[in-house]
Amino acid sequence: MALAFDEYGRPFIILKEQEQKTRLRGLDAQKANIASGKAVARILRTSLGPKGMDKMLQSPDGDVTITNDGATILEQMDVDNQIAKLMVELSRSQDYEIGDGTTGVVVMAGALLEQAERLLERGIHPIRVAEGYELASRIAVDHLEHIAQTFDFGETNLEPLIQTCMTTLSSKIVNRCKRNLAEIAVKAVVAVADLERRDVNLDLIKVEGKVGGKLEDTELVYGIIVDKDMSHPQMPKQIEDAKIAILTCPFEPPKPKTKHKVDIDSVEKFETLRQQEQKYFDDMVQKCKDVGATLVICQWGFDDEANHLLMHRNLPAVRWVGGVELELIAIATGGRIVPRFQELTSEKLGKAGLVREKAFGTTKDRMLYIEHCANSRAVTIFIRGGNKMMIEETKRSIHDALCVARNLIRNNSIVYGGGSAEISCSVAVEAAADKYPGVEQYAIRAFADALDSVPMALAENSGLQPIETLSAVKSQQIKENNPYCGIDCNDVGTNDMRKQNVFETLIGKQQQVLLATQVVKMILKIDDVISSSDY
């Protein structure tokens, strides 16, 4: 390979024997594609389970992220290969649909690709492998339905939901506080859930973080927290039974939309202009007072004169509040967002039992708490932590726990974790393979072997002997006919996941199997990679 320059000084590369180089096609292309997918899966394999390792990711501008969340790792990785991008999309799909299991789905897809490579080397056509995988995935999904259990929960009995969220948080950096965080996540979901319709709107749950304090200081606020303070330091810091005017119009005189120019050539004209401006401010403040508002929350800013006037008229105000936060405040307080002062009426005011300003540490950071709202179906999880990275990772962990709680409210079926579901499915798929007389049975057996990769990775990451541990647990499942035996990652002393209270959602596990199979089938059917520059 040599570097040369054309007559305009533009560099180009000369490759030796360039005419002999050909694009990969057929089996070579499929093997190259499989190698790309396996490389991505290998990165995430060590992050699986409660003892999984974390990854440190550095962005081009120097920001550092430490996480073991599969979707986050792949999202922030700089991936160029097209097949590797499919694996990134796979993890993202699992995150969007279920919210948890993003690492496991990629590990499973990597294992399926590895098994497929062996079948291709034995001369089995990729289409037959894909068909065998499709059959096996249906058997596995049906078997998961068979071994699943349902549980009843209510507003007074939240323990099953908490236990399932604790399983999700076990594999995160925040696992030392998993009980506390799981309780917060479940209470938040139940507060905004419509249990009759089995529906949860996660947009009503705001997750806010502030550097400082301990992770144990994380709290659930039945209301809204806004990262703002009162616009004037002398305004009251606590307002009880607040009536809130939520405005998207600025506290300033109207401005012409066309270009304008005001010529002032005397003191009298200047004084007239000043009085006119002050009258505008007076009218605005008086309008708020007349409708009975005791707090003004404004999307825009206002100048010192308006601020001074608000303070003197004893009308506390908050400025520069974002649009999303305004909507949440309106939902929580039962108020209406008002675009013009002329439309402000007492019926459009929001109501809150307590609005208080809270200071943190010695940095004079303040936040506004809006609590005891008229409509309590909007809550805030307020996270504390030692540094920004810890808070961001806690937010990601809380998001996973919220999604798991939401999935359980939608469908309260669970399977047991610790790799027990995968081992049980592997045994069922292996047994079903003999019923298929064609070449597909090889692919079905390969699918069963691939399912074993998840419990094997769990054992490996927990410092156990992977093959010995998996063989012992599989043998125990078959002997006792007990599909709940899994890998004892935490060294509790029992392989029965029921006793360890390790649960996973049924729909999450089924989605993992279906998505992994779908993407692997797509990769196996690609036998040529053509770029637009080839022709």
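Me: Where does Lys172 lie, and what makes Lys172 count as buried?

Reply: Lys172 lies in the loop between α6 and α7 (178–192); helices (H or I, at least four residues) and strands (E, at least two) are DSSP runs, numbered from the N terminus. Buried means under 20% relative accessible area, exposed over 50%, and partly exposed in between (1.4 Å probe, protein chains only). The relative accessibility of Lys172 is 8%, so Lys172 counts as buried. This is a predicted model, in which local features need pLDDT of at least 70 and side-chain atom pairs count only at pLDDT 80 or more, while totals for chains, interfaces and linings use all residues. Residues are numbered from 1 along each chain as its sequence is written, and side-chain values use heavy atoms, with hydrogens and water left out.

Me: Which residues is Lys172 in contact with, leaving aside its neighbours within four places in sequence?

Reply: Contact means heavy atoms within 4.5 Å. With those neighbours within four places set aside, Asn68, Asp69, Ser397 and Asp400 are in contact with Lys172.

Me: Why is Thr72 called buried, and what does Thr72 touch?

Reply: Thr72 has its place in helix α2 (residues 70–76). Its relative accessibility is 11%, and therefore Thr72 counts as buried. Not counting residues up to four places away in sequence, Thr72 touches Leu57, Thr67 and Arg396.

Me: Is Val454 buried or exposed?

Reply: Val454, found in helix α14, has a relative accessible area of 6% and so is buried. Leaving aside neighbours within four places in sequence, its contacts are Leu48, Met108 and Glu422. Val454 and Ala405 are 49 residues apart in sequence and 23 Å apart in space, C-alpha to C-alpha.

Me: What makes a set of residues a nonpolar core, and which residues have the most contacts inside the largest one?

Reply: A nonpolar core is a set of buried Ala, Val, Leu, Ile, Met, Phe, Trp, Tyr and Cys residues joined through side-chain atoms within 4.5 Å. The largest has 65 residues, and Met87, Tyr133, Val429 and Phe447 have the most contacts inside it. Helix α4 (residues 102–121) gives the most to this core, with 11 residues. A second, separate core has 46 residues, including Cys249 and Ile370.

Me: How do you know that β10 and β16 pair?

Reply: Two strands pair if DSSP finds at least two bridges between them. Strand β10 (residues 223–226) and strand β16 (residues 365–373) have 4 bridges and are antiparallel. In β16, Ile370 is the bridge partner of Ile224. Strand β15 (residues 350–360) is joined to β16 by 8 bridges, also antiparallel; there, Ile370 is the bridge partner of Val355.

Me: Why is one side of β5 and of β19 left without a neighbour?

Reply: The open sheet of 3 strands has the order β5-β18-β19, with antiparallel pairing. β5 (149–150) and β19 stand at the edges with a single partner strand each, so one side of each has no neighbour in the sheet.

Me: What makes a space a pocket, and which residues lie nearest the centre of the largest pocket?

Reply: On a 1 Å grid over the protein atoms alone, a pocket is an open set of points where a 1.4 Å probe fits, with protein on both sides within 12 Å along at least five of seven lines; lining residues have an atom within 4 Å of a point. The largest pocket is lined by 45 residues, with Gly49, Thr167, Thr168, Ser171 and Glu504 nearest its centre. α6 gives the most to this lining, with 6 residues.
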